[in-house]
Amino acid sequence: MNRFSNQVVLVTGGSRGIGRAIVERFAAEGAALAVLDYDRDELDKVGREWKEAGYTCMTFPVDVSNQEQVDQAVAQAVSAYGKIDVLVNNAGIAWEEPFLDIQAQNWRKMLDVNLNGMFYVAQRVAKEMSAAGSGSIINMASTNGLVGEAKYAHYNASKGGIVLLTKTMALELGAFGIRVNAVCPGYIQTPMSEAIDSPEFIEEYIRTKIPLGRVGKPKDISGVFAFLASEDAAFITGETIVVDGGQLAF
Ligand code: NDP
């Protein structure tokens, strides 16, 4: 399938985990990519691999919580490609911390990257899309944005914020031909989740919480982003799609 030939897709946090699978899915379907990520060395390394694989891809080392860096990178991507058709607003951080122990600086860090960063990128890209009169924005939320999980108050608050940011953007941007949706993954095996949880924890989690009997893989999520960006989703906006192996069915 070449559903995204002649389309430009901007992905944040694209050098590893779910973001990387999303970059590779859109590239496989013909898109040109602009990838923003924090770690310059990792991004350079992955960027070289993508070029060798034949992808049309530009990389930008950016901290999404820095609005100036975001503005510059988006401007450079638009100047190079002429437009952005799809935004995958994916970059995020997570760690476990009991509510009573959360220091204000940790609270701010989580919200700065996960919520403020997504706002900076979404607003800057939406300005380009509104001028063009079309676009699709997909924000990365989480099942933790829909239900609480102990020891993740800051993370849950950031992802809950994304869900309502998404709905409000959909209300305001529909008139400009821009669709805005969110994806809420459940437990996905990535460098992020591997850094937090032990194999024993994951085994117990699968046994007690996930009806499909396994954790998700980045590929379980990337196809949903491609669907939401595609013509098949032309009448879907303001939606949050849960991809969790049935976890929230309990
Ligand atoms: P990873 O940690 O594997 O990947 C996150 C990516 O975001 C990395 O490439 C990281 O860059 C980048 N990033 C982090 N902070 C910044 C920043 N300030 N500026 C730019 N880029 C940044 O995580 P996942 O792939 O697991 O998560 C991706 C998204 O999916 C996140 O928003 C996460 O909250 C969400 N999610 C994940 C779930 C899971 O179970 N894994 C479940 C539900 C949602 P670098 O490597 O340079 O730090």
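A polar contact here is a pair of N or O atoms within 3.5 Å; within protein, one must be able to donate a hydrogen and the other to accept it, and residues adjacent in sequence count only if both atoms are side-chain atoms. The model is predicted, so to speak of a local feature pLDDT must be at least 70 and side-chain atom pairs count only at pLDDT 80 or more, while totals for chains, interfaces and linings use all residues. Residues are numbered from 1 along each chain as its sequence is written, and side-chain values use heavy atoms, with hydrogens and water left out.

Select the ligand and Arg16: an N or O atom in the Arg16 side chain is 2.7 Å from an oxygen atom of the ligand. The protein covers 93% of the 890 Å² of accessible area that the ligand has on its own (Shrake-Rupley method, 1.4 Å probe).

Now hide the ligand and look at the space around it. The ligand sits in the largest pocket, meaning that more than half of its atoms lie within 2 Å of the pocket's grid points. A pocket is an open set of points on a 1 Å grid over the protein atoms alone, with protein on both sides within 12 Å along at least five of seven lines, and its lining residues have an atom within 4 Å of a point.

The largest pocket holds about 1,100 Å³ of space, and of its 47 lining residues, Gly92, Ile93, Ala94, Thr190 and Met192 are the closest to its centre. Its lining divides into 23 nonpolar, 12 polar and 12 charged residues.

Finally, move to the second largest pocket, with a volume of about 300 Å³; among its 15 lining residues, Gln7, Arg179, Ala229, Ser230 and Glu231 are closest to the centre.

Notes:
On a 1 Å grid over the protein atoms alone, a cavity is a set of points where a 1.4 Å probe fits but cannot get out, and a pocket is an open set with protein on both sides within 12 Å along at least five of seven lines; lining residues have an atom within 4 Å of a point. Grid points are joined across faces, edges and corners, and a volume is the space filled by probe spheres set on the points. Ala, Val, Leu, Ile, Met, Phe, Trp, Tyr, Cys and Pro count as nonpolar, Asp, Glu, Lys and Arg as charged, and the others, Gly among them, as polar.
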